[in-house]
Amino acid sequence: MNLKVGSISCEWEMRNFSSHFRLQQPGSVIPYTIRGRQNEEGEQPRAAVDDQPRCEWDFNLSAVISSAAAGCAVGSDAIGVVEFDRSNSFFATGGIARKIRIYNAQKLLLSRENGDGNAAFLDHSAACEYYMCTPAKLSSLKWKPGSGSRVIGSGDYDGVVMEYDLEKRVPVFERDEHGGRRVWSMDYSNWNPTLGGSGSDDGTMQVWDTRCDMGKTLASVEPDRYGCSPVCSVEFNPFGGFLVAVGCSDHKIYGYDVRRMVDPVFILDGHRKAVTYTRFLDQQKIVSSSTDGCLKMWDAENQHLIRTYKGHVNSRRFVGLSVWRTGGLFSCGSENNQVYVYDMRWGKPIWVGGFEQAAQPRCEPGFVSGVCWRETGGERCTLVAGGSDGVLQVFEGEKRSRLCS
């Protein structure tokens, strides 16, 4: 999935929430500021620290899931998104193949333990619990909070947001506020699970209510009011707050209070190219990814940059970004067909895992196009990564008892 950023002409439109949404008391909203470029790296000056990462984790390949037709078909089944459900029992994938595939995470992990200890090699048809066909290519998936892993939402290349009842295997909600322009990202509010948001190539972030009829948008904001730059990422605060973070191709991250969306409460400016992903690490820290080849961690409350992370290759594609909040780790894909893991404390990767690709002369170079952590605690972790060739790889991590020298 190539990111194409260009000038888009559209009429600026902005609507506020209805009056039954109670606003914060005056003075309690984060003041509107622009922060970011404090020095060459865009970081706030801080005390000198050892930036040499320490290897505290061992990662091993647990399972590889591919299709019998995989190999040279880069792009035909590219996996653009991987999402674990709230119970961390299942994960879903979506992408170019116009399918939502559902996998049982525990079964995949047991497949390695029941074998000879090496990675299990499986076919999608055998590993997948079930799948649903979709009318368009998928760019985003989100499990709906409070649905008991029964409902999943999607954003697609036709500019449509849909919800699917996975138990009945039918669509139950559909809306198209983006005029047919591709939806890059959608998410649900944890404050009110009936609220959702979507960002699109049309330069807007729309906030909608799944209980409303088609066309009744609660709010529409255009972060880049002058250039109408595509909105690449939308994420509501997963800890239940009222903040939604929006990544835009104008290089900036915008924060909005969902109860009053006339203006952003902050703008974070430090990336040099399009911001493709924004993820909350905790109540006030946000991690962002950009096609400038960097990840950045921000203090959203005080609006300053904490650290920049470099090592992976990302200049023009969506390569995924996921944060493991319990362990303080980030992961992203790369255009060199590898998976990168960063520890929040160090700016260099602590682990790099490669995707193998069939060496055929006509094959296009592959890239890792989607990643997701399983949000578990303790000394073990699970990371699932999807590639542009449709191959899934499941990695297990275990914390070492002693640090490497």
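The dialogue below takes up each feature in turn.

Analyst: This is a predicted model, in which local features need pLDDT of at least 70, side-chain atom pairs count only at pLDDT 80 or more, and totals for chains, interfaces and linings use all residues. Residues are numbered from 1 along each chain as its sequence is written, and side-chain values use heavy atoms, with hydrogens and water left out.

User: How many helices and strands are there in the protein?

Analyst: Helices (H or I, at least four residues) and strands (E, at least two) are DSSP runs, numbered from the N terminus. Here the protein has two helices and 30 strands.

User: What percentage of the residues count as buried?

Analyst: Buried means under 20% relative accessible area, exposed over 50%, and partly exposed in between (1.4 Å probe, protein chains only). Of the 405 residues, 58% are buried by this criterion. Accessible areas come from the Shrake-Rupley method with a 1.4 Å probe, and for residues only the protein chains shown count as cover. The protein exposes about 16900 Å², of which carbon and sulfur atoms supply 47%.

User: Which residues does Trp 324 touch?

Analyst: Contact means heavy atoms within 4.5 Å. Trp 324 is found in strand E24 and is buried, at 1% relative accessible area. Leaving aside residues up to four places away in sequence, its contacts include Trp 57, Leu 329, Trp 373 and Arg 380. A polar contact is a pair of N or O atoms within 3.5 Å; within protein, one must be able to donate a hydrogen and the other to accept it, and residues adjacent in sequence count only if both atoms are side-chain atoms. A polar atom of the Trp 324 side chain lies 2.8 Å from the backbone oxygen of Thr 376.

User: Is Asp 257 buried or exposed?

Analyst: Asp 257, in strand E18 (residues 252-257), is buried, with 8% relative accessibility. A polar atom of its side chain lies 2.9 Å from the backbone nitrogen of Arg 259. Met 261 is placed in the loop between E18 and strand E19 (266-269) and is buried as well, at 1%. Its C-alpha atom is 7.2 Å from that of Val 221, 40 residues away along the chain.

User: What is the volume of the largest pocket, and which residues lie nearest its centre?

Analyst: On a 1 Å grid over the protein atoms alone, a cavity is a set of points where a 1.4 Å probe fits but cannot get out, and a pocket is an open set with protein on both sides within 12 Å along at least five of seven lines; lining residues have an atom within 4 Å of a point. Grid points are joined across faces, edges and corners, and a volume is the space filled by probe spheres set on the points. The largest pocket has a volume of about 760 Å³. Its lining comprises 41 residues, with Glu 83, Lys 142, Glu 235, Arg 279 and Arg 325 nearest the centre. Among the elements giving two or more residues to this lining are strand E3 (79-84), strand E8 (138-143) and strand E28 (368-374).

User: How many cavities of 30 Å³ or more are there?

Analyst: The count is one cavity of 30 Å³ or more. The largest cavity holds about 40 Å³ of space. Its lining includes Asp 77, Thr 93 and Arg 101, and strand E4 gives the most to that lining, with three residues.
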